[in-house]
Amino acid sequence: MAHKKSHKLPQPAVLKQILRRCSSLGRRPNNGFDEGGLPLDVPKGHFAVYVGENRARHIVPISLLTRPEFQCLLRRAEEEFGFDHDMGLTIPCEEVVFRSLTSMIR
């Protein structure tokens, strides 16, 4: 019986990839970004995600990345969208559900 190799990255590697991706979103020359390429409206220790049908932008603390509830959303995002696209980190969840979830786990 052959052992099937998983193509999923270990959880710490996935979190580092997400942070790297979120940090690199502002590297395009554009107003609203500092000289380091980071968005001016995202405080240190936070990152932006896009949620819901209209892709509403939410700023969330990095500490949410370690929460099992948020990690479940990240796995769904990876399955549905992958992490290699220009939109930024998009969470496949209704906005009202996302707001409720994040307010409970902060």
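**Sheet, hairpin and core of a predicted chain**

Arg55 is located in the loop that links β1 and β2, where helices (H or I, at least four residues) and strands (E, at least two) are DSSP runs numbered from the N terminus. The structure is a predicted model, in which local features need pLDDT of at least 70 and side-chain atom pairs count only at pLDDT 80 or more, whereas totals for chains, interfaces and linings use all residues. Residues are numbered from 1 along each chain as its sequence is written, and side-chain values use heavy atoms, with hydrogens and water left out. The phi of Arg55 is near 55°, a positive value in a residue other than glycine. Most residues other than glycine have a negative phi. With a relative accessible area of 31%, Arg55 is partly exposed, on a scale where buried means under 20% relative accessible area, exposed over 50% and partly exposed in between (1.4 Å probe, protein chains only). A positive phi, near 85°, is also taken by Gly52 in the hairpin of β1 and β2, which has four residues between the strands.

The protein chain has three helices and three strands, and along the sequence these follow the pattern α-β-β-α-β-α. Of its 106 residues, 36% count as buried. The accessible surface of the protein chain comes to about 7300 Å², of which 54% belongs to carbon and sulfur atoms; accessible areas come from the Shrake-Rupley method with a 1.4 Å probe, and for residues only the protein chains shown count as cover. Among contacts (heavy atoms within 4.5 Å) between residues at least 6 apart in sequence, 50% join residues at least 24 apart.

The three strands form an open sheet of mixed pairing, in the order β2-β1-β3, two strands being paired if DSSP finds at least two bridges between them. Because β2 (56-61) and β3 (90-91) stand at the edges with a single partner strand each, one side of each is left without a neighbour in the sheet. Helix α3 packs on this sheet and touches β1, β2 and β3, its direction making about 10° with that of β2; axes are lines fitted to C-alpha atoms, for helices over the stretch in contact, and angles run from 0 to 180 degrees between N-to-C directions. β1 and β2 run antiparallel and are joined by six bridges, and the bridge partner of Ala48 in β2 is Ile59. β1 and β3, in turn, run parallel and are joined by two bridges, with Tyr50 opposite Thr90 and Val51 partnered by Ile91. Strand β1 is mostly covered, as five of its six residues are buried.

A nonpolar core is defined here as a set of buried Ala, Val, Leu, Ile, Met, Phe, Trp, Tyr and Cys residues joined through side-chain atoms within 4.5 Å. In the largest such core, which has 17 residues, Val49, Phe70, Ile91 and Phe98 touch the most other members. At least two residues of this core are supplied by each of β1 (46-51), α2 (68-80) and α3 (95-105), and the largest share, four residues, comes from α2. In soluble globular proteins, nonpolar side chains tend to be buried together. Leaving aside neighbours within four places in sequence, Ile91 is in contact with Val49, Tyr50, Val51, Gly52, Leu73, Leu74, Ala77, Phe81 and Phe98.

The axes of α2 and α3 come within 10 Å and cross at roughly 145°. This contact is made by Glu69, Phe70 and Leu73 of α2 together with Phe98, Leu101 and Ile105 of α3, a set that divides into five nonpolar residues, no polar ones and one charged; Ala, Val, Leu, Ile, Met, Phe, Trp, Tyr, Cys and Pro count as nonpolar, Asp, Glu, Lys and Arg as charged, and the others, Gly among them, as polar. Leu101, found in helix α3, counts as buried at 18% relative accessibility. Not counting residues up to four places away in sequence, Leu101 touches Glu69 and Leu73; from Leu101 to Glu69 the C-alpha to C-alpha distance is 8.0 Å, across 32 residues in sequence. Arg76, in helix α2, is partly exposed, with a relative accessible area of 39%, and its C-alpha atom is separated by 9.9 Å from that of Thr90, 14 residues apart along the chain.
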